[in-house]
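I opened my notebook to look up a few places in this structure.

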Amino acid sequence: MTVTETVDAFHRGRFHVVQPKGIGHRSGMDAMLLAALVSGEGPMRVADLGAGAGAAGLAVASRLEKAEVLLVERSALMAGFARKSLALDLNAAFAGRVSVLEADVALIGRARVAAGLADDVHDHVIMNPPFNDGADRRTPDALKAEAHAMEDDLFERWIRTAGAILKPGGQLSLIARPESIGEILAACGRRFGGIEITPIHPRAGESALRILVTAIKGSRARLALRMPLVMHDGPHHAFTLFVDDLNNGRASYPRLRKP
């Protein structure tokens, strides 16, 4: 099968992603907001679970000069696009700090370790799991359906893996739909605490369309509901200044509380 592809610029041209055109999921704002949840100045190891073509993980590597990033993707086709992105001369400044692992995030125990996801090695895990109910959107594009349709117990399985591969005190970050809050909290269970949730609203007075969630492995701190992020402050589509900074890699969105 011949797949048409595009090379798309992010962070105002600081990095580029090779993506399929017409099939599969194409990365955008969600990936950039997810990447903004990773902050810090020292060396760190970051795993991007379900990375697709790698936009969120590449955004982290581009912005944080000491971050080593592992892009974990089940689809051989999408993992191939991530490798194409790393081969671009435009990404040469950080490509040496990024690797691609073709593996199923839902693997457990020895199978997960054998696939390359070892225990207690990462400082950060980021994820943008498929967030649509399986019956919510039907599409003839099987690759897009896989990227968007939520499977049973998805958050339990993905967060279980995050808990296994993170170091004690490591940070989990994810972006999801608001209706997934209950499943996310249940999956965090005793694995994670210090959960911070930020609703993302299109405009003031409108319902949230996304939530940003961070949590710390092994923490017993209480949950915190943060001030909402409002994407647009007028009738048009221009982003608010802070959201535009997050979207373009000029700012991070650190946690309120230290681990």
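**Entry 1: the largest cavity**

I note at the start that this model is predicted. I began with the lining of the largest cavity, where β11 gives the most, with three residues. Both β10 and β11 supply at least two residues each to that lining. How many cavities of 30 Å³ or more are there? I found a count of one.

Next I listed the lining residues of the largest cavity. They are Leu37, Glu196, Thr198, Leu212, Val213, Thr214, Arg226 and Tyr253. I sorted this lining by class and got four nonpolar, two polar and two charged residues.

**Entry 2: strand β10**

Then I looked up the pairing of β10:

- I found seven bridges between β10 and β11 (residues 210-217), and these strands run antiparallel.
- I found two bridges between β10 and β12 (residues 224-225), in the parallel sense.
- I found two bridges between β10 and β13 (residues 229-230), also running parallel.

I followed single residues across these pairs. Glu196 has Thr214 as its bridge partner in β11. Glu196 also stands opposite Ala224 in β12.

I turned to the second largest pocket. Its space comes to about 210 Å³. I counted 13 lining residues. Which of them lie nearest the centre? I found Ser39, Gln171, Arg255, Lys258 and Pro259 there.

Strand β9 (residues 166-176) gives the most to this lining, with three residues. By class, I have four nonpolar, six polar and three charged residues for this pocket.

**Entry 3: helix α2**

I checked how covered helix α2 (residues 55-63) is. Nine of its nine residues are buried, and I put the helix down as mostly covered. The buried residues include Ala55, Gly57, Leu58, Val60 and Arg63. I marked Ser62 as buried too.

**Entry 4: Glu156**

I found Glu156 in helix α6 (residues 154-165). Why does Glu156 count as partly exposed? I looked up its relative accessibility, which is 29%. Buried means under 20% and exposed means over 50%, so a value in between is partly exposed.

Then I looked for neighbours of Glu156. Leaving out residues up to four places away in sequence, I found that Glu156 touches Ala187 and Arg191. With Arg191 there is also a polar contact of 2.7 Å between the two side chains. I also checked Cys188. It is 32 residues from Glu156 in sequence, and the C-alpha to C-alpha distance is 7.8 Å.

**Entry 5: Asn248**

My last stop was Asn248. I placed it in the segment after α8 (241-247). Is Asn248 buried or exposed? Its relative accessibility is 9%, so I wrote it down as buried. I then looked up what Asn248 touches, again leaving out residues up to four places away in sequence. I found His11, Arg12 and Arg14.

How values were computed:
Residues are numbered from 1 along each chain as its sequence is written. This is a predicted model: local features need pLDDT of at least 70, side-chain atom pairs count only at pLDDT 80 or more; totals for chains, interfaces and linings use all residues. Side-chain values use heavy atoms; hydrogens and water are left out. On a 1 Å grid over the protein atoms alone, a cavity is a set of points where a 1.4 Å probe fits but cannot get out, and a pocket is an open set with protein on both sides within 12 Å along at least five of seven lines; lining residues have an atom within 4 Å of a point. Grid points are joined across faces, edges and corners, and a volume is the space filled by probe spheres set on the points. Helices (H or I, at least four residues) and strands (E, at least two) are DSSP runs, numbered from the N terminus. Ala, Val, Leu, Ile, Met, Phe, Trp, Tyr, Cys and Pro count as nonpolar, Asp, Glu, Lys and Arg as charged, and the others, Gly among them, as polar. Buried means under 20% relative accessible area, exposed over 50%, partly exposed in between (1.4 Å probe, protein chains only). Contact means heavy atoms within 4.5 Å. Two strands pair if DSSP finds at least two bridges between them. A polar contact is a pair of N or O atoms within 3.5 Å; within protein, one must be able to donate a hydrogen and the other to accept it, and residues adjacent in sequence count only if both atoms are side-chain atoms.
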